[in-house]
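Hi,

Here is the structure I promised to pass on.

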Amino acid sequence: MCGIVGYVGEQPALDVVMQGLRRLEYRGYDSAGVAVLDPGTHALNVARKAGKLANLDAELAETELPGSLGIGHTRWATHGAPTDRNAHPHRDCSGAVAVVHNGTLENFAELRDGLTERGHHLASDTDTEAVAHLIEERYDAAGTGADLAAAVRAVAKELDGSFVLVVAHRDQPDLVVGARRNLPLVIGLGDGENFLASDVTAFIAYTREARAVDQDQVVELRREGVRVTDLDGNEVAGDTYHVDWDTAAAEKAGYEYFMLKEIEEQPEAVAETIGGRLGRDGRLRLDELAISDEDIRGFHQVVIVACGSSYHSGLVGKYAIERWTRLPTQVEIASEFRYRDPVVGRDTLVIAISQSGETADTLEALRHARQQGAWVMAVTNTVGSSIARESDAVFYTRSGPEIAVASTKAVMTQLAAVYLVGLHLAQVRGTRDGDEVRSHYADLAAIPDLIAETLTRMDPMRKVAREISAAERVLFLGRHVGYPMALEGALKLKELAYVSAEGFPAGEIKHGPIALIEQGTPVVVLATRHALAPKLVTNVQEIKARGARTIVIATDGDESATPYADDLIRIPDTKSLLSPLLTLVPMQVFSAEFAMARGLDVDQPRNLAKSVTVE
Ligand code: F6R
C-alpha cells in the first residue's frame, strides 16, 4: 500500500530512488513520483505521473533531476483518484517542502479546512498535501535555523490515522526526515549514504544493514549518520540487523513474471522454513517462539486471525492443530474478529498470520487480542514488521522476498509453519508422543522434494487453463483440508484473471451451488486421497452428470475419480493432512496460466496492492 523511498548520499539520487521504486512497485502502481534537491539552484524538482512507474520513467527520459538527495513514492490510491495531480510528492505553497506519504489521515478534512482558512492553496485531492502545508507553517514559524525534524514531529502529533512520511526541504541539503505510525519504515545504513524505505528490497542493492523504525518515531537521515527520536525529540536506541538475502532474490531471474519465479522457488522456501528444527535430543525445536512450556500447557483455545490467502493457511492450521493438540481452534478473518468483541483471554493463543507483517486488519486484531490478555504469536515473512514487533512470539517463514502481488511461496511457507506450530504445541502439551512428532516432522521434511516433483507435472494444468481461459465462471471444490485450498484456488483466479470464481466444500454443493453448473462450467476438484475421498467422488459424479467440465486433482495411484475426470492432474502421494502443501501448486499454476492466456499482468493485478495497510 504505497511504497516510499528516501535517499541522501553521494550518488545521483534519481537513480537510487527510481531503483528503489521499481522494487516497491508491487505495493501500489496507481501513480509514481520523485523529488530531488538540486544542489546548484536549491530547488526541489518534482516529477510525477499517473499509472505505473513506466509512465514516470518515460517522463523522466526528457528531464534532468540532478542532486544526491531525493524522495520517491509509488501509490495505491486512497484519498483522491489516481491522477497526475494526486501523485506524490506533494508540496507546500512555495515548493520548499516535498512530502511522500503512505497511509490515510482520518482528520484530513479538518486539517485541510484549517489550512484553507489560513490562506493555503491546496492543489490536489489528497490527505498528504495537508501535511506539506502543515510542515511549511511549523518550519516557517520557527524562523532562521528552523529544525525540519522538529516541524515533522509537531505535525505528526496533529495527525490521526496511519502514516509513514518522508520529507525533504529545499533549505536542508543534507537531511531527509521520516516519521511512522502503524505502517512500515526501515532505515538502510550505508557508508556515506543512508536510505529510508517501506521495505528493505528498495535499498538491498546498496546495503544489507537495516534498522526498523518503531511506532511514533522520527528519523533524521544524513549522509554521515542517522538519528531517531520519539515525537518529543528524545533520542531512542534501536537494533540494527543484517538482511540475509540479496538483490538476486528480488530479481526476476529470467522469468516473465515474479509470480512464476516465486512458484518455482517453493521447494527451497519450504526447505528453509522447516529445515533444522529437530534438536539432538530428537525433539522438535522452535526456539524462536519464546512462549514457555508452562504457558503453552495453560492454553485452552487457539484463535487464528489473518486475511486473504493467509486466512486460508490459517484454515489448514485449524485441521492440524485440532488433530494433534485437541485444542479447540477457530480461524477468523482479522477484520471481522476485531469488531465483534471476541472471547479471548490469558488462556488463548492467538496466531496472527501475515506475509507482509503489516496488514492493518491483522495488526488491529492482534492488538485487540493482547489488550484482552491473550498470547499472540505472529507467523510472518517479514523481519522487523509491525506484526512481528507487536507479538509475544514470532515464527518467521523463510520464503525470501515475495514481489508478485498474489501470494504464492509465502502462503506455502505459512502452511509449513502452521504444521510446525501444531506439532510444537502437541509436543509440549504431550498430546503426541516423541515418535509421532518425529514421524510427522519426517513427512514434512520430505515435502520440498514432493513440491519439486509436483512442479514438473504442471503442463496438463497449464493446458487446461489456456483451453478454458474464456470462461467467466470457475468453481473449486474440496473437502477437509482440500476445502481451504479450493478457497485459495478461487481467490487466486479472481484476483489474477478477474473472473467470478468460488470455492465450496464439496459436500455443500447440493445445498445450492450446484445450480450454477451448466453445460461446460469448469469445476476444479481437489480429489486427493483421504478418508472422505469416496464421498468426494460422489460429488464429482453429481456435477459431471449436470454437464460440468471436471478438472480433477488426484493422488498418484488413486483411480477412484478417473472415470469422471475430463482433465486429470496427478500429484505425488503424501499424508492426507499435509496434502495442501502439494495441491496449492496446481491452484497457483492454473490461475497464473489462465490470467496470462487472457493477456493480463499477473504480477500487478488491477486494484490490488501487496501490503494492505488500511482497514
Ligand atoms: C492473495 C493475497 C492476499 C493476502 C492478504 C493478506 O494472493 O496475497 O489475499 O494474502 O492481503 O496479506 P498478508 O499475508 O501480508 O497479511
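Strand 22 (residues 522-526) is largely enclosed by the rest of the structure, because five of its five residues are buried (buried means under 20% relative accessible area, exposed over 50%, partly exposed in between, with a 1.4 Å probe and protein chains only). Pro 522, Val 524 and Leu 526 point one way, Val 523 and Val 525 the other. Strands here are DSSP E runs of at least two residues, and helices are H or I runs of at least four, numbered from the N terminus.

Before I go on: this is a predicted model, with local features needing pLDDT of at least 70 and side-chain atom pairs counted only at pLDDT 80 or more, while totals for chains, interfaces and linings use all residues. Residues are numbered from 1 along each chain as its sequence is written, and side-chain values use heavy atoms, leaving out hydrogens and water.

Strand 22 pairs in the parallel sense with strand 20 (residues 473-478) over four bridges (pairing takes at least two DSSP bridges between two strands). Gly 478 sits opposite Leu 526 there. Strand 22 also pairs in the parallel sense with strand 23 (residues 549-555), over five bridges, and Val 524 faces Ile 551.

What about strand 15 (residues 301-306): how many of its residues are buried? Six of the six, so strand 15 is largely enclosed too. Strand 15 runs parallel to strand 17 (residues 348-354), joined by five bridges, with Gln 301 opposite Thr 348. Five bridges also join strand 15 to strand 16 (residues 329-333), again parallel, and Val 305 stands opposite Glu 332.

Cheers
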